[in-house]
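The structure is shown first, and the points follow by topic.

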Amino acid sequence: LSPSVVFTHLLRIPKVRSGRLASAVRGELEAVLPEPIEDLQIHFTPIRRDKKGTRIAVIAVRKDLIESYKGLLKASKFSLRSVTTTALALGDMLKHIDTFLLVNVEDPEPSIVVFYGGLPVDEQLLSSTAAQTALSDIRSLLDEYKADEMPVQHVAVHGSKEFFANIEQGF
């Protein structure tokens with residue numbers, strides 16, 4: 001799927017009893033989702049618990065989009081098992097690394113994805129593939145996660161040698 005139709009977000013839920021986690025997540029999501037919650041297929045995974053609460057990785061996609069893919073595949077005698085974005089598929093190859101940031105400039109919609117605990121927790125479209133702009137976007141995300149006590153240890157780049165060299169020099 002295009003990253004522009006997949007919503008990823010990292011939530012912090014204050015401490016709640018485990019039986020109330022789903023309703024707490026729903027309440028937090030209603031404030032940040034770009035679409036009505038009823039229209040979305042939502043998957044969430046607790047990834048970190050600390051004294052402030054629980055960090056939850058959330059991925060959401062419009063239900064009608066999933067249904068249209070299912071219909072197309074069914075007509076071709078296939079079935080839909082899962083959907084993903086290019087960056088998330090690339091990230092699956094790096095799951096042995098717990099926390100990393102993936103810069104994917106080879107996609108028609110270049111993006112940056114943060115993986116934490118091997119799971120995608122944040123995906124943002126790059127405003128530009130110019131190295132300086134990408135570096136600024138990368139630094140901003142790295143600083144954000146560091147300030148939240150979730151430092152990112154690795155940066156992976158999917159792109160040309162020239163782009164990689166420019167990013168590498170920027171660090």
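S4 and S5 form a hairpin with six residues between them. Helices (H or I, at least four residues) and strands (E, at least two) are DSSP runs, numbered from the N terminus, and two strands pair if DSSP finds at least two bridges between them. The model is predicted, so local features need pLDDT of at least 70 and side-chain atom pairs count only at pLDDT 80 or more, while totals for chains, interfaces and linings use all residues. Residues are numbered from 1 along each chain as its sequence is written, and side-chain values use heavy atoms, with hydrogens and water left out.

- Strand S4 covers residues 100-104, and five of its five residues are buried, so the strand is largely enclosed by the rest of the structure. Buried means under 20% relative accessible area, exposed over 50%, and partly exposed in between (1.4 Å probe, protein chains only).
- In a regular strand, side chains alternate between the two faces of the sheet.
- Phe 100, Leu 102 and Asn 104 point one way from S4, Leu 101 and Val 103 point the other way, and all are buried.
- With strand S5 (residues 111-116), S4 pairs in the antiparallel sense over five bridges; Val 103 stands opposite Ile 112 in S5.
- S4 and strand S7 (residues 154-158) run parallel and are joined by five bridges; here Leu 102 stands opposite Ala 156 in S7.

**Strand S3 and its partners**

- Eight of the 10 residues of strand S3 (residues 53-62) are buried, so this strand too is largely enclosed by the rest of the structure.
- Strand S1 (residues 6-13) runs antiparallel to S3, with eight bridges joining the two. Arg 12 has Arg 55 in S3 as its bridge partner.
- Strand S2 (residues 40-50) pairs with S3 in the antiparallel sense over 10 bridges, and these two strands form a hairpin with two residues between them.
- The bridge partner of Phe 44 in S3 is Val 58.

**Overall fold**

- The chain has five helices and seven strands, and from the N terminus on its elements run β-α-β-β-α-α-β-β-β-α-β-α.
- The radius of gyration is 17 Å, close to the 16 Å that the globule rule gives for 171 residues, so the chain is as compact as a globular protein of that length. This radius is taken over C-alpha atoms, and the globule rule is 2.2 Å times the number of residues to the power 0.38.
- Along the principal axes, the C-alpha atoms fill a box of roughly 50 × 45 × 30 Å.
- Of the 171 residues, 38% count as buried.
- Among contacts (heavy atoms within 4.5 Å) between residues at least 6 apart in sequence, 55% join residues at least 24 apart.

**Surface and charge**

- The chain exposes about 9,900 Å², of which carbon and sulfur atoms supply 52%. Accessible areas come from the Shrake-Rupley method with a 1.4 Å probe; for residues, only the protein chains shown count as cover.
- There are 20 positive and 22 negative side chains, and the centres of the two sets lie 9 Å apart. Lys and Arg count as positive and Asp and Glu as negative, while His and the chain ends are not counted; a charge is placed at NZ of Lys, CZ of Arg, CG of Asp or CD of Glu.

**Gly 170**

- Gly 170 is found in helix H5 (residues 161-170) and is partly exposed, with a relative accessible area of 21%.
- Leaving aside neighbours within four places in sequence, Gly 170 is in contact with Leu 135 and Arg 139.
- Gly 170 and Lys 52 are 118 residues apart in sequence and 34 Å apart in space, C-alpha to C-alpha.
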